[in-house]
Amino acid sequence: MPNTSESKVTEEKIISWYMRSVLEHESLPKSIFKFCKENKIKEEDFYQYFGSFQGLRNVVWERFFTNTIALMQKNEGYSDMGNEEKMLTFFFTFFDTLALNRSYVLFMLKESGDRMGQLEQLKGLRKKIKNYTSELIEEKNSDKNLKILKQSPQIFSEGAWVQFLFLLKFWMEDNSPNFEKTDIAIEKSVTTIFQVFENTPLEKIIDLGKFLYKETFA
């Protein structure tokens with residue numbers, strides 16, 4: 001139900017109304033004025049939390065991230081996981097979160113027609129994923145005494161972001177039951193990116209390449 005004067009406007013409610021509006025109308029809201037009128041709130045209530053629809057869209061993706069981290073940290077064994085296992089858990093949990101919002105995600109990234117906005121809305125998420133993966137490598141570096149054995153958090157985090165974009169595109173096009181092929185892609189790509197940094201045998205890269213080739217061109 002739309003907001004009434006008795007119910008407090010919150011960031012969560014505005015996000016929920018926005019996502020619902022996108023799906024119900026199959027289009028982006030035309031103006032903040034109309035959006036607020038539709039949901040029976042004042043424009044100032046909207047601006048208390050967001051400066052624009054673009055800012056709201058960015059926060060939606062950041063919420064996917066923070067919800068993922070919160071779910072992971074509820075796992076009692078999370079703190080004892082190795083870095084590769086933490087990254088696997090992150091991607092599995094993140095794409096489970098996206099699956100709960102798949103209609104919204106697909107519309108915003110494929111059907112909205114706003115090409116610049118499609119990239120712009122991921123800026124905050126990019127920063128959060130890069131920070132998270134940088135921390136994983138910095139933790140691993142702290143166990144290494146020799147500088148030559150330490151890995152670059154900047155390079156690793158950029159690679160992790162590119163990996164995420166690949167997985168996102170793969171998931172968007174995945175028609176397998178319960179997105180089983182995406183799970184396979186996550187496992188293979190995470191294993192590869194960690195092992196490349198550990199001077200992994202070339203077979204791992206070839207194995208990933210064969211998988212991607214099969215899924216793309218079969």
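Guide: A helix here is a DSSP run of H or I with at least four residues, and helices are numbered from the N terminus. This is a predicted model, so local features need pLDDT of at least 70 and side-chain atom pairs count only at pLDDT 80 or more, while totals for chains, interfaces and linings use all residues. Residues are numbered from 1 along each chain as its sequence is written, and side-chain values use heavy atoms, leaving out hydrogens and water.

Our part is helix H1, residues 11–25. Check its length. The expected span is 1.5 Å times one less than the number of residues. Just past H1, Glu 26 takes a positive phi of about 50°.

Now look at what H1 hides. Buried means under 20% relative accessible area, exposed means over 50%, and partly exposed is in between (1.4 Å probe, protein chains only). In H1, the buried residues are Ile 14, Ile 15, Trp 17, Tyr 18, Met 19, Ser 21 and Val 22. Helices H2 (32–38), H3 (43–47), H4 (53–74) and H6 (102–111) are among the parts that cover them.

One of these covers also holds H1 by charge. A salt bridge is a side-chain nitrogen of Lys or Arg within 4 Å of a carboxyl oxygen of Asp or Glu. Arg 63 makes one with Glu 12, and the closest N and O atoms are 3.1 Å apart. Arg 63 belongs to helix H4 and Glu 12 to helix H1, so the bridge links parts of the chain 51 residues apart. Neither end is hidden. Arg 63 is partly exposed at 23%, and Glu 12 is partly exposed at 45%.

The whole structure holds six salt bridges. Another joins Arg 126 and Glu 158, at 2.8 Å from N to O. Arg 126 lies in helix H8 and Glu 158 in helix H9 (residues 153–172), so this pair ties together parts 32 residues apart in sequence. Again both ends are partly exposed: Arg 126 at 31%, Glu 158 at 29%. Glu 173 and Lys 169 also meet in a salt bridge, at 2.9 Å from N to O.

Rings come next. Rings of Phe, Tyr and Trp (its six-membered ring) pair if their centres lie within 6.5 Å; planes under 30 degrees apart are stacked, over 60 edge-to-face, and the rest tilted. There are 20 aromatic pairs in the structure. Phe 46 and Phe 50 form a tilted one, with centres 5.8 Å apart and 50° between the planes. Both of these residues are buried. Phe 90 and Tyr 132 also make a tilted pair, because their centres are 5.1 Å apart and their planes stand at 35°. Phe 90 sits in helix H5 (residues 83–100) and Tyr 132 in helix H8 (residues 123–141), so the pair ties together parts 42 residues apart in sequence. Phe 90 is buried at 1%, and Tyr 132 is buried at 9%. Both belong to one aromatic cluster, which also includes Phe 65, Trp 161 and Trp 171.

Conventions:
Helices (H or I, at least four residues) and strands (E, at least two) are DSSP runs, numbered from the N terminus. Contact means heavy atoms within 4.5 Å.
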